[in-house]
Structures are given as C-alpha cells and as structure tokens.
Amino acid sequence: MSADILKALGLDKSNSGSYLGKGEWSRTTNAGVVQSVNPATNEVIAEVHASSQADYDTIIKRAQEAFEIWRTTPAPRRGEAVRLCGEALRKHKDALGSLVALEMGKIKPEGDGEVQEMIDIADFAVGQSRMLYGYTMHSERPGHRMYDQWHPLGLVGIISAFNFPVAVWAWNAFLATICGDICIWKPSPRTPLTAIATMKICNEALKDAGFPDLFFLFNDAGTDLAKAFVDDRRIPLISFTGSTKVGRAVGERVAQRMGRSLLELGGNNAMIVDDTADLKLALPAIVFGAVGTAGQRCTTTRRLFVHESIHDDVVASVVKAYKQVEGKIGDPTDAKTLMGPLNSPEAVKHFLEAIEKAKAAGGTIATGGTAKEGKGNFVLPTVVTGLRNSDEVVQTETFAPILYVMKFKTLDEAIAMQNAVPQGLSSAIFTQNVKAAERYLSAVGSDCGIANVNIGTSGAEIGGAFGGEKETGGGRESGSDAWKVYMRRQTNTINYSDELPLAQGIKFEF
Ligand code: NAD
C-alpha cells in the first residue's frame, strides 16, 4: 500500500529533501536524515536526506535570481503558473491525499480534503492575480493625483506544521506567487514526504511552460538551518505556522531584523450551545470539531460551554456519539475509519499527561481518557466534565481529542469564559436566538479571528481570511485581502500642475 502511494508520486525509500531549482534535487547525503514515520504503526515509510548549508546557499541565490524575472512578469501571467499547479494537483489528488493520510495520520477523506484546499486556493489566486487593487485618493492640492499600488515583496519563507502538511504551503505559496514573490519552504520534519511530493507535482507542471523557478524546498535535520532562515535578512517575510512556543521565538527574531512575520499559532477554540440551540446541528458539529483529525487541528473544538438547563443531556448525547467513533478508530487510509492516530508517541504522552492533570483538578472523565493498546499512536476521544475554565489544563492547547465541557447560566458569562484564554483563533455559537447570535458577533462578543454561528469551529473555507488574535499570532492567510501581506504598498503622488503647493498649506518661500 505505502509502496504504491510512493511510486505514484515519484518518491523512493530514500529521497533528497532539497529542491535547488533548475530541475535539480540536491545530492547531499551528509547533512542528516529526516525519517518519515507512519503514525498508525510507527514504522519508517521512507527517509529524506536533510539539506546542507551549501544547499541552502544555492537555494537563496537561485531564488534571488528568479525574483529578478518574476517581479516584472505581469500578475495575470503569474496567475497562469498557479493555474497549472492547480490542474496538476487535481490529477494527483487521490495519491497525494493518500500520502497525507499515511504520513500525517488524518483519515483519507480529510487527506483528500487538504489537497482540495490547495486546488481551491489555486483557483482563488488565479482570479486574484487580476485584482491586486490599490486605492485612488483625491489629493488636497490642485493639479495633483494620488494612488497606492502594490509591488512584489521578494523571497517568502514558509515554515509549516505537521498537521496541515501541504495546504498551509499552498495558502501561502499560491498567493505569494501571484504577488510576484519566490517561495522557499521548510516543512515539518514529521511530514517531509508530502512536501517533496508537492514540490515535484508543482515544479513538473511548470517545467515546460517557460516560468522561472518559483518554489524551493529544504529540510532541516535539526533546527540550525531553520533558525538561520528566520534570521536571514534576504527574506523579507517569514510565514510561520506552528506552536505558540516556537512562533513566539520566530516572531521576536524576525522583528529584531525588522522583517515581516505572518504567525499562525495555537488555538484553544470554544463552542457555546445555548438553550435554544438546534441540537441536530450542534451535535455533529461538536463531534467533528473535537474528534476530527484526532483533535490535531489548530481549530479543533477544545472547550464546550453548554447552558446549564441542557448540559447533562448534551453530555450524554456527545458520549453516545463518541462510543460510535471509538468503534471506527484505526488505519487512516482505510475508508471505514473515522479517527486516525496521533502523529507521534510524544503526542500520546502529552494526551495522557493532560488527562492526569484534568483528574487532579477535579475533572470527571465522561468517556475515553486512555491510549489504545497495540502499535501506533491511538488514543480514545475524551470528554471531561466538571472543570473550571480557569484550570491550567483547560487554558492549555493539548494537541489531542480532549473536550472540556462546562456549564453556563447567561450568554455574557459564556462569552467571558470563552474569551478568557491566551489564544484567539476560532469560536462558534449554536443558537436560534437572533439577539444572542448578533451579540456574540458584536464588539462585546467573541474576541477570536474566526467567529461562527450554527457551524462548528473547524473546517474553514479558503475564501475568508484565516487566523487568530492574541497568542494565535495575529496573522491572516488565504482569502479576503490576505494577499496584501505578500506585497509592499507604495503611495504615489503625481503633480501635473505648474505650481509646487505644499501639503497642509505650508508656505516655504525663499
Ligand atoms: P511546532 O511549533 O513544533 O513546529 C512548527 C514548525 O516549526 C516545524 O516546521 C518545525 O520544524 C519548525 N521549528 C521548530 N523549531 C524552530 C525554530 N527554532 N526556528 C524555526 N522553525 C522551527 O508545531 P507542530 O507540532 O508542527 O504543529 C502543531 C501546532 O501548530 C499547534 O499548536 C497548532 O495549533 C499550530 N497550528 C496553527 C495553525 C494556524 O493556522 N493557526 C495551523 C496549523 C497548526
């Protein structure tokens, strides 16, 4: 099975992890090895040779050369390059979706969904390539014209997390490409194969169409190259997706050199279910939000606030649904599976530690709470009741399927609890009360980057800007006007009169 997937994507048991441009993959074999491990078995799928300093230097040099050409290429023509990538991804969706499932551990429909997200953002970026709009302003001076325009930024560094091993790259790379930038990608060491496969698919699609090298890749055996990447003044933008702990350090280092960073960090997402909620909608949203991707989405539902009048009934229904999911935990590449493994043995350890902390704080395990016997990193989806929102374990993002359910009396109390965490990514309310919905979306409502009504916290569409506030980092990617972060803005004032009036009516006569 795994051999067939690798073969379909042009991968071997041993692969180069550095795409150097000009159709060339590095031959470096002495800079360490990154192992791709199947989280369902903990067996090695294949090995990837990490990149050397010399590989990195070649990548930067060639990326700079490519930028000289790309920044003067008309944006709609840049869109054509992304269109070709989207077409190629359509052809490889099944195989790449399977590799995402195999290497990351999410179930096959979610692996395919991730590739679909890449295709969707490619389509979006193609259209956007004709809409890099600036404003035209009316000058306060006669015979003057003002407008702003957007120019390419330069090299864009993309550092991605294991849980969306390919979609996050596409969100960044396809928009940056139509903006005239050249992208260099350092993927997660837990998912190197999906990154190599993606590079092969996209660069192969571009090969015969006469485009310069647009996408480069390096893999780091440790963190030395990644740190140098973050500090590299030749890279005006670092887009980082990952934990708040690492993202904080990345943000500080990029700020030190006055670079620009786009940070997409951890979440601690909550859903509020009030006493008018349509539970036919709320229940599946809770279960998919908390259990989908085995709780390893940045937007996973981790806290559930239920009106006290329906709390016990909702908990009973959620527990019943979880028991059904329990029977369908297993190999993520099997079509019948609903929940795959956690990505690593360390993640299982963190899951078990959180369960112990929850119990110590007085929580009750309503269902789950243990790891599964046997090989692979499987745990049971878990519901914990009886904790307070202020408990340390509830305040922390544990990247696993643990749902903390808490009671509330009034909407304002629920909103206050929802917002009283360091993170600010995604949030949702289930209500049929229009006043409650509007209050939740108002300036005194949710403080998150994403706030939904009658749909869950996870599974965002690419058309909206994606990202969160507070310790989630403040970045926005994907749709809406997120493209602007990949460009530099320039304000232009043109005088077509015979006078030189100064702004604010200042007189300077000599
Ligand atoms: P992580 O922080 O461990 O790793 C992320 C990336 O940073 C990896 O590529 C890693 O190799 C790299 N890295 C590690 N140390 C580095 C350093 N010193 N300098 C530069 N790069 C370094 O995160 P993870 O475990 O891969 O991913 C899970 C986390 O990502 C969760 O917290 C999740 O919420 C978050 N996430 C957020 C979003 C979002 O859009 N907000 C999306 C996906 C994941």
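1. Domain bounds here come from an automatic or database domain assignment. For this chain, that assignment gives domain 1 (1-265 + 473-491) and domain 2 (270-465). Keep in mind that this is a predicted model, where local features need pLDDT of at least 70, side-chain atom pairs count only at pLDDT 80 or more, and totals for chains, interfaces and linings use all residues. Residues are numbered from 1 along each chain as its sequence is written.

2. A word on the record: the UniProt annotation "domain: Aldehyde dehydrogenase", from an unreviewed entry, covers residues 30-491. UniProt positions are given in the numbering used here, feature names are shortened, and annotations may be inferred rather than shown by experiment. Over residues 30-491 the chain is 40% helix and 21% strand, with the end C-alpha atoms 49 Å apart. Helices (H or I, at least four residues) and strands (E, at least two) are DSSP runs, numbered from the N terminus.

3. Now, how do the two domains meet? Taken over C-alpha atoms, the centres of domain 1 and domain 2 are separated by 30 Å. Across the boundary, 27 residues of domain 1 are in contact with 24 residues of domain 2 (contact means that the C-beta atoms, placed from the backbone, lie within 7 Å). On the domain 1 side, the elements that give two or more residues are α4 (93-104) and α5 (108-128). The largest share, six residues, comes from α5. That side divides into 11 nonpolar, eight polar and eight charged residues. In this count Ala, Val, Leu, Ile, Met, Phe, Trp, Tyr, Cys and Pro are nonpolar, Asp, Glu, Lys and Arg are charged, and the others, Gly among them, are polar.

4. Next, the ligand. It is surrounded by 28 residues, and the closest are Ala161, Gly242, Ser243, Glu264 and Cys298 (a residue is near a molecule or strand if its C-beta atom, placed from the backbone, lies within 6 Å of it). Helices α8 (224-231) and α9 (244-256) are the elements that give two or more residues to this shell. Its residues split into 14 nonpolar, 10 polar and four charged. Both domains take part: the shell draws at least three residues from each of domain 1 and domain 2.

5. On to the sheets. An open, mixed sheet of seven strands runs in the order β15-β16-β17-β14-β13-β19-β20. (Two strands pair if DSSP finds at least two bridges between them.) At its edges are β15 (364-367) and β20 (450-453), each pairing on one side only. The twist averages 25° from one strand to the next.

6. Look at one end of that order more closely. Strand β19 (residues 426-430) runs parallel to β20, and four bridges join them. Ala428 stands opposite Asn452 in β20. Helix α15 (residues 434-441) lies across β19 and β20, at about 175° to β20. Axes are lines fitted to C-alpha atoms, for helices over the stretch in contact, and angles run from 0 to 180 degrees between N-to-C directions.

7. There is also an open sheet of three strands, in the order β1-β5-β4, with mixed pairing. Since β1 (14-16) and β4 stand at the edges with a single partner strand each, one side of each is left without a neighbour in the sheet. Direction ignored, neighbouring strands of this sheet are turned by 30° against each other on average.

8. Which strands pair in the antiparallel sense over six bridges? They are β4 (residues 33-38) and β5 (residues 43-49). In this pair, Ser36 has Ala46 in β5 as its bridge partner. The two strands form a hairpin with four residues between them, and Asn42 in the turn has a positive phi of about 60°. By contrast, β1 and β5 pair in the parallel sense over three bridges, and Ser16 is the bridge partner of His49 in β5. Helix α7 (residues 192-207) lies across β1, β4 and β5, running at about 55° to β5.

Definitions and conventions
Contact = placed C-beta atoms within 7 Å.
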